[in-house]
Amino acid sequence: MLPEDVKTLEEKGISQETLKAQIKRFETGFPYLKILDSARVDNGILALGEADQKAAASRWDEYLSHGGEVFKFVPASGAASRMFKSLFGFLEGEANEPKPGSDVAQFIAELPKFAFYAELGEACRRLYSKDINALTEDGRYKDIVAALLRPEGLNYGNLPKGLLKFHSYADGPRTPLEEHLVEGAQTATDRNGTVHLHFTVSPEHRQLFEAKIAEAVPALEKKLGVTYKISLSEQKKSTDTVAVNPDNTPFRENGKLLFRPGGHGALIENLNDIDSAVVFIKNIDNVVPDAQREATVLYKKVLAGCLIQTHDRIEEYLRRIEAGDYSIDDVRAMIAFMHDTLNIRDEKMKQLEDVDLVLYIKDKLNRPVRVCGMVRNEGEPGGGPYIAYNADGSTSPQILESTQIDPANAEYKEMVSKATHFNPVDLVCYLKDIFDKKFNLPDYVDPDTGFISSKSKNGRELRALELPGLWNGAMSDWNTVFVEVPIATFNPVKTVNDLLRPAHQ
């Protein structure tokens with residue numbers, strides 16, 4: 001290893017052993033997961049009736065009223081450039097008019113419906129001394145798109161998604177950041193009227209987020225009657241992963257090792273720094289305006305209430321075990337809970353007796369808990385809920401991406417084809433043990449669940465290493481409950497034209 005490499009590792013806080021392990025991983029690859037079945041209603045996914053929903057929502061309100069801790073955690077570091085892929089293609093293409101029926105044609109035709117329309121009009125007048133209508137009449141469609149995307153205009157092609165204007169209101173448009181503040185006030189206000197939110201951001205966008213928060217918070221606090229405590233963090237350099245050449249030798253630029261961000265799985269470190277028993281996790285772009293939020297608010301409370309109900313049972317059983325105060329019937333109830341609620345199965349349990357069985361139950365129950373909303377599959381992209389095998393031979397609920405499933409396995413292909421639900425990234429987590437001590441979340445990551453992708457840098461091919469995904473392998477050894485939630489709670493904005501959907505108008 002070169003002296004310069006040692007210095008680079010020290011600056012990033014990465015050990016030489018970690019670097020060697022990453023390069024070794026490129027050589028060995030990642031194994032596909034062994035799957036028992038896809039999760040479905042009554043087979044790993046709970047579908048709650050109205051009475052159960054009310055009971056769960058009530059339990060959440062009770063938790064908050066008794067001083068329960070809660071945070072909202074929002075990965076917000078994603079750039080918005082992918083939202084505008086079709087617009088960039090048009091801007092850089094030869095045609096001066098959008099193709100009829102194309103995404104770009106729809107964008108131009110429905111421009112007045114976008115929350116950024118007024119601001120875009122101002123940019124057009126500033127840049128071209130003409131408004132949008134005049135530019136349209138002149139066929140200057142590329143100028144309009146350039147005013148939206150380019151730095152001299154609104155710079156939407158380079159801004160983070162969380163700071164774009166998504167929704168229109170009488171008192172002015174709102175960004176996803178602001179919608180998360182409002183949703184947090186409606187679902188995660190503690191007994192003292194405080195709403196704790198944490199956003200993970202890119203270093204280059206941090207000042208922009210800080211400025212928007214400073215601008216938005218006073219008015220929202222006054223309007224909603226809450227106090228916001230907002231924190232920001234960046235993906236840690238120590239979670240970056242080394243890039244390699246196609247032959248798995250380290251990729252170098254000007255003689256220096258090239259490291260890349262390790263993907264959203266790196267954020268398990270950021271989540272681990274939050275001191276709260278309960279944490280909501282939701283993507284930055286899955287927000288709706290006030291008039292469309294009723295289902296979201298209800299099911300946020302339902303999921304959180306399910307989490308507390310589940311934790312209530314876990315705490316009861318663990319306290320009995322700690323005190324040695326349990327009967328044979330209690331142990332049977334614990335096993336039934338593991339089977340029926342946590343969907344943990346393990347043939348080894350049949351061979352364990354007495355103290356060994358109780359210690360096994362204690363080990364399985366004493367870990368972080370998450371309740372994950374699952375939406376009926378209606379063609380939207382996303383990973384899915386499965387029952388998968390763990391390294392110890394047990395099975396448990398896991399959220400898997402397609403890259404983790406062997407495409408050559410006919411049985412698995414059949415499971416995928418019959419999958420009924422997908423993951424909208426709508427989680428509520430319990431991160432402390434029964435003694436109110438934080439779990440160390442990196443201890444529960446399955447290192448075998450990352451993946452390798454092919455990229456390029458300055459025209460040179462490279463291989464990149466993605467860490468186990470935040471809600472995939474990074475939470476592999478958590479206790480998990482899947483709950484069906486309606487499609488109305490899932491309204492992501494992957495392309496700019498998604499903002500034209502009814503849920504965003």
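Select Asp138 first. In this predicted model, Asp138 is partly exposed, at 42% relative accessibility.

The structure holds 42 salt bridges. Go next to Asp37 and Arg40. Their side chains form a salt bridge at 3.1 Å, N to O. Asp37 has a relative accessible area of 21% and is partly exposed. The cut-off for buried is under 20%, so Asp37 falls on the partly exposed side of it. Arg40 is partly exposed as well, at 26%.

Now select Lys432. Buried or exposed? Lys432 counts as buried, at 5% relative accessibility. The side chains of Lys432 and Asp436 meet in a salt bridge of 4.0 Å, N to O.

**The nonpolar cores**

Hide the charged residues and turn to the nonpolar ones. In soluble globular proteins, nonpolar side chains tend to be buried together. The largest nonpolar core here has 45 residues. Select Trp60, Val278, Ile361 and Leu365, the members that touch the most other members.

Helices α3 (50-65), α12 (294-323), α13 (328-340) and α14 (354-365) each supply at least two residues. So do strands β11 (278-282), β12 (369-376), β16 (426-430) and β19 (479-485). Which element gives the largest share? That is α12, with eleven residues.

Zoom in on Ile361. Set aside its neighbours within four places in sequence. Ile361 is then in contact with Ile321, Val331, Met334, Ile335, Met338 and Met349.

A second, separate core has 34 residues. To find this second core, select Ile108, Phe116, Ala123 and Val145, which are among its members.

**After β19**

Last stop: Asn491, in the segment after β19. Asn491 counts as buried, at 12% relative accessibility. What lies 2.7 Å from a polar atom of the Asn491 side chain? The backbone oxygen of Ala488 does.

Definitions and conventions:
Residues are numbered from 1 along each chain as its sequence is written. This is a predicted model: local features need pLDDT of at least 70, side-chain atom pairs count only at pLDDT 80 or more; totals for chains, interfaces and linings use all residues. Side-chain values use heavy atoms; hydrogens and water are left out. A nonpolar core is a set of buried Ala, Val, Leu, Ile, Met, Phe, Trp, Tyr and Cys residues joined through side-chain atoms within 4.5 Å. Buried means under 20% relative accessible area, exposed over 50%, partly exposed in between (1.4 Å probe, protein chains only). Helices (H or I, at least four residues) and strands (E, at least two) are DSSP runs, numbered from the N terminus. Contact means heavy atoms within 4.5 Å. A polar contact is a pair of N or O atoms within 3.5 Å; within protein, one must be able to donate a hydrogen and the other to accept it, and residues adjacent in sequence count only if both atoms are side-chain atoms.
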